Amino acid sequence: MLLPKSRFETINGMEVHFTQWGDPQKPTVVCWHGLTRNGRDFDILARHLAQDYHILCPDTIGRGWSQWSSFPEKDYCFESYSNLAIGLLDHLGIEQVRWVGTSMGGAIGMRIAGTPLHQNRITHLILNDIGAGASDNAVQDIEGIKRIISYVGTPPQFKTFTELKNYYKTIYATFGLSNEQEWTDFTQYSCRRRDDGGISPNYDPNIALQFQQTGDLNLWKQWEAIQSKILLIRGEISDVLPLDVAVKMQQKSNCQMVTIPKLGHAPALNTEEQISIIENFLQ
């Protein structure tokens, strides 16, 4: 079985962890995860894509094995994350990439591709169940955003790994993980032991401070400027990417949309059907 290389590099003064798959001489695909998640969410997808591409799956600062910020009010925002991504690509000497972004990772991709200075860095942009904002600009009225805000700043604590896995099965039920081993891997790569011996999700609770910056979630200006080829993936029952927002985004001439039946926020990109959709788009 193909396994990733785990790397740590200092980018913009912060130590960043990422997994690296495949041959660095091949075209690069960046896979960027959601708000409280980390790069290991893409293991199944990356293993498939690594036959034809060089894959990078970073942990955003404050998540996974990347450094936590000493200045969370400043560092936990899309501008900082976008600069981190560009800094990582520059550090590795990578000029252009294909981008797969789940939720927050898609928002980071939109911000990069929609910024004139970096417009040419992303050739293919896959947005996994994330929109450019509410159709009426009231971003924080989106049900899924309100749901996420309600829990992200107070990560739960459990005594056992199994308790945390069962919690993940509840809050991430709509991801569509397909078997017990996937749930075990999902939990294993996103947990940490606490000083008291308990176990909890492996992210900095201060990442919730981003939601105090309401403008950070409105990306319509960047959306209009994106010239990349775009694939918008939407879970059929998503509460984070409302249908009216997806339809509005689909009106952009360089954007196509695919709906994943029976799933919500956000499809795990772990099935043959979903992987095939991505592979065909990236060609």
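**Close-up 1. Polar contacts of the D216 side chain.** The side chains of D216 and Q210 are joined by a polar contact of 2.7 Å (a pair of N or O atoms within 3.5 Å; within protein, one must be able to donate a hydrogen and the other to accept it, and residues adjacent in sequence count only if both atoms are side-chain atoms). A polar atom of the D216 side chain also lies 3.0 Å from the backbone nitrogen of F78. The model is predicted: local features need pLDDT of at least 70, side-chain atom pairs count only at pLDDT 80 or more, and totals for chains, interfaces and linings use all residues. Residues are numbered from 1 along each chain as its sequence is written, and side-chain values use heavy atoms, with hydrogens and water left out.

**Close-up 2. Surroundings of D216.** D216 is placed in the loop between β8 (199–201) and α8 (220–225); helices (H or I, at least four residues) and strands (E, at least two) are DSSP runs, numbered from the N terminus. Not counting residues up to four places away in sequence, D216 touches C77, F78, E79, R111 and Q210 (heavy atoms within 4.5 Å). D216 is buried (under 20% relative accessible area, 1.4 Å probe, protein chains only). D216 has no salt bridge (a side-chain nitrogen of Lys or Arg within 4 Å of a carboxyl oxygen of Asp or Glu), and R111, the nearest side chain of opposite charge, is 4.4 Å away.

Close-up 3. The whole structure contains zero disulfides (pairs of cysteine sulfur atoms within 2.5 Å). C57 is buried, at 0% relative accessible area. The closest cysteine sulfur to that of C57 belongs to C31, at 4.4 Å, which is too far for a bond. C255 is likewise in no disulfide, the nearest cysteine sulfur, in C31, being 19 Å away. C255 is buried, with a relative accessible area of 9%.

Note on methods: Buried means under 20% relative accessible area, exposed over 50%, partly exposed in between (1.4 Å probe, protein chains only). Lys and Arg count as positive and Asp and Glu as negative; His and the chain ends are not counted.
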